[in-house]
Amino acid sequence: MSTGTNLLGGPPPTHLPADAEVDAALAAGTDPDAVAAAHPAASLPWALLAERALEEGRTITGYAFARTGYHRGLDALRRAGWRGHGPVPWSHEPNRGFLRALAALQRSAQAIDETEEAVRCTTFLNDCDPVAARELLP
């Protein structure tokens, strides 16, 4: 019988709220640059900008976009009740902007040989959700 209680004693998963305006703009094909400008607190457009920059070989630009998305995501997680640790499930779609920004930060940090940051981001992503780490990291 399931009681719905976390028997391990850890914090419950954090589920960020959806942002319908951001999702609609991106689904309509609006460039993430414009979406980030219109919604700077949203992680997903920053993560998309970071991923695009990294794919184009613009590592420092990707790093900057990823760091912005990461910090915006931390702000959102805290507003949602997260206290610095605990699951941030990949299966919850609104969490993916933060998780993608964190993974892009890991990749860009690794690319510029910022080893401590890359390791910290890898650990953090695994702590958030190992599925996210498998999906997002090479």
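**Labels and their grounds**

Tutor: In this predicted model, Asp 31 and Arg 52 form a salt bridge, with 3.0 Å between the closest N and O atoms.

Student: What makes the contact of Asp 31 with Arg 52 a salt bridge?

Tutor: The rule asks for a side-chain nitrogen of Lys or Arg within 4 Å of a carboxyl oxygen of Asp or Glu. The closest N and O atoms of Asp 31 and Arg 52 are 3.0 Å apart, so the pair meets the rule. Asp 31 belongs to the loop between H1 and H2 and Arg 52 to helix H3, so the pair ties together parts that are 21 residues apart in sequence. By this rule the count comes to seven salt bridges.

Student: Why are Asp 31 and Arg 52 called partly exposed?

Tutor: The class lies between the buried limit, under 20%, and the exposed limit, over 50%. Asp 31 has a relative accessible area of 35%, and Arg 52 has 29%; both values therefore fall in that class.

Student: How do you know that Asp 75 and Arg 78 form a salt bridge?

Tutor: Their closest N and O atoms are 3.9 Å apart, and the cut-off is within 4 Å, so the pair qualifies. Both residues lie in helix H4, three residues apart, about one turn of the helix. An α-helix has 3.6 residues a turn, so residues three or four places apart point the same way. Asp 75, at 36% relative accessibility, and Arg 78, at 45%, both count as partly exposed.

Student: What makes Leu 105 a buried residue, and which residues does Leu 105 touch?

Tutor: Leu 105, in helix H5, has 0% relative accessibility, which is under 20%, so Leu 105 counts as buried. Leaving out residues up to four places away in sequence, Leu 105 touches Tyr 63, Ala 66, Arg 67, Tyr 70, Glu 117, Arg 120 and Cys 121.

Student: How do you know that the reach of H3 is close to the expected one?

Tutor: H3 (residues 43-55) has 13 residues and reaches 18 Å from its first C-alpha to its last, against 18 Å expected at 1.5 Å a residue. Among the buried residues of H3 are Trp 46, Leu 49 and Glu 51. Their cover includes helices H1, H2, H4 and H5. Just after H3, Gly 57 has a positive phi of about 80°.

Student: What makes up the lining of the largest pocket, by class?

Tutor: The largest pocket, with about 480 Å³ of space, is lined by 24 residues, and Pro 17, Asp 19, Ala 42, Ser 43 and Pro 94 lie nearest its centre. H1, H3, H4 and H5 each give two or more residues to this lining. By class, there are 13 nonpolar, four polar and seven charged residues.

Methods:
Residues numbered from 1 in each chain as written. Predicted model: local features only at pLDDT ≥ 70, side-chain atom pairs only at ≥ 80, totals over all residues. Heavy atoms only, no water. Helix = DSSP H or I, 4+ residues; strand = E, 2+ residues; numbered from the N terminus. Expected span 1.5 Å × (residues − 1). Buried < 20%, exposed > 50% of the residue type's maximum accessible area, 1.4 Å probe, protein only. Contact = heavy atoms within 4.5 Å. 1 Å grid on protein atoms, 1.4 Å probe; cavity = no way out; pocket = protein on both sides within 12 Å on 5 of 7 lines; lining within 4 Å. Points joined across faces, edges and corners; volume = space filled by probe spheres on them. Nonpolar A, V, L, I, M, F, W, Y, C, P; charged D, E, K, R; others polar.
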